[in-house]
Amino acid sequence: MTLFVTAICLILVSALLAPLTRKGSAFWDRCSLACGLGGTLLGMGATLLALNQPGSAVLTLPWSGVGGLFVLRLDGLAAIFLLPAFLICGVGLLYGSGYWPMQAKPASSAWLRFFYPLLGAAIAIVLTAGNGLVFLFAWEIMALSGYFLVATEREQDEVYQAGFLYIAATHTATLALFALFALLGDQAVFIALPAAGSLDGAAPLASAIFLLALFGFGFKAGVMPLHIWLPKAHAAAPSHVSALLSGVMIKMGIYGLIRTTSLFAAIPAWWGWTILALGVLSSILGVVFAIAQHDIKRLLAYHSVENIGIILLGLGLALLGRSYGIEAMVTLGLAGALLHVINHGLFKALLFLSAGSVIHATGTRELNRYGGLLRTMPLTGLFFLGGAIAICGLPPLNGFVSEWLIYLGLFQGSQPLAANLLPALLAAPALALTGGLALLCFAKVFGLAFLGTPRSEAMATHEAPRSMLIGMGTLLAACLAIGLLPKAFFPLLHSATLAWLPAAPAPAAALAALAPAGSISLAALLFIILLGLFAGNRRQRRETPRVPTWGCAYARPLPRAQYTASSFAELITGLFGWFLRSRTDEVKPKGCFPSPAHLETRTPDLILDLGVTPLCALLAAGASWLRHRLQHGIVGLYLLYPALTLCILLILAA
Amino acid sequence: MNTPPNLILLFVILFNFFILGTSRLATCIRSVALQGALLSLLPLFLHTSTFHTYLLAGGAFILKGLLMPWLLFRAIRQVRIRREVEPRIGYIPTLLLGALTTAGAFIFGDRLPLLPAHLHSLFIPAALATLAAGFLMLITRRKAITQVLGYLMFENGIFIFGTLLAEAMPFMVEMGVLLDMLVAIFVMGIVMNHINREFSTLNTEQLSLLRE
């Protein structure tokens with residue numbers, strides 16, 4: 001545990017050195033970067049070391065200022081989240097030094113240098129918090145430093161709005177968490193969280209706690225009706241910040257849900273059903289919204305909603321398994337969810353970083369203005385392709401493994417063919433649909449951005465600097481490692497499952513027995529070898545001339561006459577039009593000598609624009625009406641207000 | 001029931017109603033002064049005769065019975081007003097409200113968790129009733145000077161409470177007296193002068209421009 005605390009201190013030192021770089025001092029910039037990288041590496045090492053100790057590593061210090069204890073506890077469940085958090089934080093720091101160079105923008109670079117490690121350290125403490133006090137403190141530091149990172153370029157109107165939306169959402173979530181910890185009681189807040197499975201899930205209070213957790217943590221995670229802040233914040237933040245937000249910070253919501261459900265025994269079945277239903281909703285609608293986007297980072301942000309849905313599917317399965325007593329379902333569902341937490345962190349960070357280097361090169365987030373980037377940025381293209389394959393859940397990368405575990409868990413429900421579990425099987429086609437749509441979405445992104453011909457001549461693109469490439473390469477290597485050798489990660493998942501389950505009953509069914517990971521590795525290896533052979537064969541023949549994409553025998557192809565984001569997605573946006581409500585701005589060509597025509601589609605966030613915004617506007621109008629009634633300027637009546645309040649309080653107290 | 005403190009308190013409550021029902025400013029000032037002077041006798045009957053008790057009684061008498069009315073009379077002479085015209089709520093409704101709050105004070109006073117010595121005495125209801133009457137004055141009247149009177153009645157109510165606590169918390173009552181001084185100097189000396197000079201009136205309604 002000493003090592004772990006040292007790591008966090010190092011990361012904090014990296015943040016504290018940041019103000020020294022404001023004036024553009026390269027020396028302090030390097031120092032800060034080195035401290036941050038060292039801290040994250042040390043943190044990963046410390047996490048792995050702590051896992052090898054039996055039980056969980058605990059650090060307890062007196063915290064007299066607030067009358068409680070400062071408790072850090074590192075168990076298997078926290079480790080699952082800590083490892084990708086440290087990795088992505090370190091990679092992001094490295095990437096940031098190329099993406100947001102200190103020489104070009106010293107002030108905002110120092111700003112990022114300060115808040116980026118702070119966010120990383122806060123996340124590490126959230127994950128290891130042993131009681132409510134530490135948790136809420138770290139949670140708030142995390143939320144606020146997230147806000148400052150999102151608002152890096154706050155002089156732009158769009159960024160300012162995104163930051164405002166983010167902070168409103170995160171504080172609403174925090175409010176629910178305060179209520180949650182109040183219900184858990186003083187012991188949980190000031191001393192230590194209850195042990196796994198020590199609370200009774202059948203009590204009415206337990207359901208209130210669960211609903212509060214679902215709201216508070218769901219807001220942070222971006223579960224479908226509560227995802228409103230996510231697309232704007234992710235799009236507005238610098239890319240390596242988006243990677244950390246999407247890859248790690250929204251997982252804190254998942255962590256909170258998993259941790260909260262672990263506290264209970266005898267879990268009611270409707271908890272699992274609710275989470276499963278939310279998972280299906282988030283995954284399908286998330287990917288459908290993603291398809292309709294033209295802004296590459298907004299698109300990736302909606303994919304986060306989708307993947308959070310997939311994680312919730314796994315968690316819902318595990319909860320159902322506990323309610324109905326099917327051990328295999330618990331093991332597979334939870335393992336799938338947790339592995340997907342790691343995987344999504346890795347490949348989503350990879351995607352955001354490679355999207356970032358595309359933005360770095362082209363200076364725009366509009367998909368419709370990219371094109372033919374693979375020629376000038378082959379490595380970035382390769383990394384993006386890797387991330388895309390992973391997120392679509394295709395072998396040989398890591399996304400496949402976790403989704404496969406969830407599929408296995410889903411089919412476990414049908415093994416005894418218990419009639420009351422049959423609806424859970426419906427989640428399998430939903431997951432398949434999600435995967436298919438994700439594939440379509442990334443075919444669109446990759447095709448538009450990297451294939452075809454450049455859409456504007458002036459766009460002189462270049463490959464990303466080396467620090468950015470190293471960062472992305474590390475993430476792709478990690479993705480490949482999980483995809484090729486999933487078995488190596490099973491002990492990690494097993495210890496997390498043990499930490500989630502109550503200690504008393506029989507330990508979890510062994511994951512390795514349920515999931516034939518060896519054959520996956522073999523198949524993935526074979527696939528890669530075949531791919532390599534095929535590519536080598538092609539290269540030897542050297543017969544591929546470079547010509548524009550075949551345009552259905554159209555004689556004079558123009559760069560402008562290519563598929564656009566709107567046209568590629570038209571099939572799906574048309575199918576889901578009743579829900580997406582895309583707005584089309586269209587001037588059709590008419591007559592023999594048509595005047596200029598144009599077409600533009602936009603898909604705003606339905607829930608934000610049609611649900612939350614009108615509701616808030618109504619609330620604001622009501623509040624200002626009330627203020628006009630209350631603020632009339634008659635001093636005598638002002639005096640009445642406290643008197644009436646006092647009377648009401650006295651009546652309530654009596 | 002016929003002990004001197006109870007008689008004093010009874011008169012205090014009667015003065016409450018009288019002040020609430022009268023429109024002439026001079027009478028109001030006199031009544032508030034008389035109420036204060038009566039109250040200053042309370043510590044003499046309640047506590048053993050020590051220096052502290054005499055200080056309390058004497059101080060209260062001088063402040064409430066002599067200094068305040070003198071200042072207030074001077075003020076109304078300067079601004080030349082005789083009566084409160086058109087209060088926000090009429091005199092009869094105010095009196096009815098006063099009766100209601102007094103009844104409420106008696107009911108509420110019985111339900112408070114008090115020391116056995118104070119239970120069923122007139123002190124708590126009288127204090128609450130005076131507080132409520134002062135509050136009614138503050139709310140219903142428009143002139144700054146009548147509002148000051150309401151504030152002074154408020155103070156008188158607090159003074160009744162304070163005398164019960166005078167031995168347990170020695171400085172409580174003195175603090176209350178100091179508050180009186182604050183009213184005297186601050187509200188009358190500065191605020192009223194300024195309002196008068198700016199608007200040539202003492203109606204606080206003119207001050208509502210700053211509401212937002």
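Student: What makes strand E1 (residues 57-63) and strand E2 (residues 68-74) of chain A count as a pair?

Tutor: They're joined in the antiparallel sense over seven bridges, and strands pair if DSSP finds at least two bridges between them, so this pair qualifies. Strands here are DSSP E runs of at least two residues, helices are H or I runs of at least four, and both are numbered from the N terminus. Before we go on, this is a predicted model: local features need pLDDT of at least 70 and side-chain atom pairs count only at pLDDT 80 or more, while totals for chains, interfaces and linings use all residues. Residues are numbered from 1 along each chain as its sequence is written, with chains lettered from A and ligands numbered from 1 in the order in which they are written.

Student: What lies between E1(A) and E2(A)?

Tutor: Four residues, and the two strands form a hairpin. Gly67(A), in the turn, has a positive phi of about 75°. To find your way along the pair, look at Ala57(A), which stands opposite Leu74(A) in E2(A).

Student: Why is strand E5 of chain A said to lie largely in the open?

Tutor: A residue is buried if 20 or more other C-beta atoms lie within 10 Å of its own, exposed if 12 or fewer, and partly exposed in between, with C-beta atoms placed from the backbone. Of the five residues of E5(A), 583-587, the number buried is zero, so the strand is largely in the open. E5(A) still has a partner: E6(A), residues 598-602, pairs with it in the antiparallel sense over five bridges. One bridge there links Asp585(A) to Glu600(A).

Student: How do you know whether helix H17 of chain A is mostly covered or mostly open?

Tutor: Count the buried residues: twelve of the 15, so by the burial cut-off H17(A) is mostly covered. Among them are Phe400(A), Val401(A), Leu405(A) and Leu408(A), along with Glu403(A) and Gln412(A).

Student: What do the buried residues of H2(B) pack against?

Tutor: Helices H1 (4-21), H3 (42-46), H4 (51-79) and H7 (144-165) of chain B. Those buried residues include Leu25(B), Ile29(B), Val32(B) and Leu39(B).

Student: What makes chain A as compact as a globular protein of its length?

Tutor: Start with its make-up of 27 helices and six strands. Its radius of gyration is 26 Å, close to the 26 Å from the globule rule for 654 residues, so it is that compact. The radius is taken over C-alpha atoms, and the rule is 2.2 Å times the number of residues to the power 0.38. Buried residues make up 51% of the chain.

Student: Which residues have the most contacts inside the largest nonpolar core?

Tutor: Ile123(A), Val126(A) and Leu350(A), in a core of 217 residues. Helix H14 (residues 327-362) of chain A gives the most to this core, 20 residues. A nonpolar core is a set of buried Ala, Val, Leu, Ile, Met, Phe, Trp, Tyr and Cys residues joined through C-beta atoms within 7 Å.

Technical notes. Contact = placed C-beta atoms within 7 Å.
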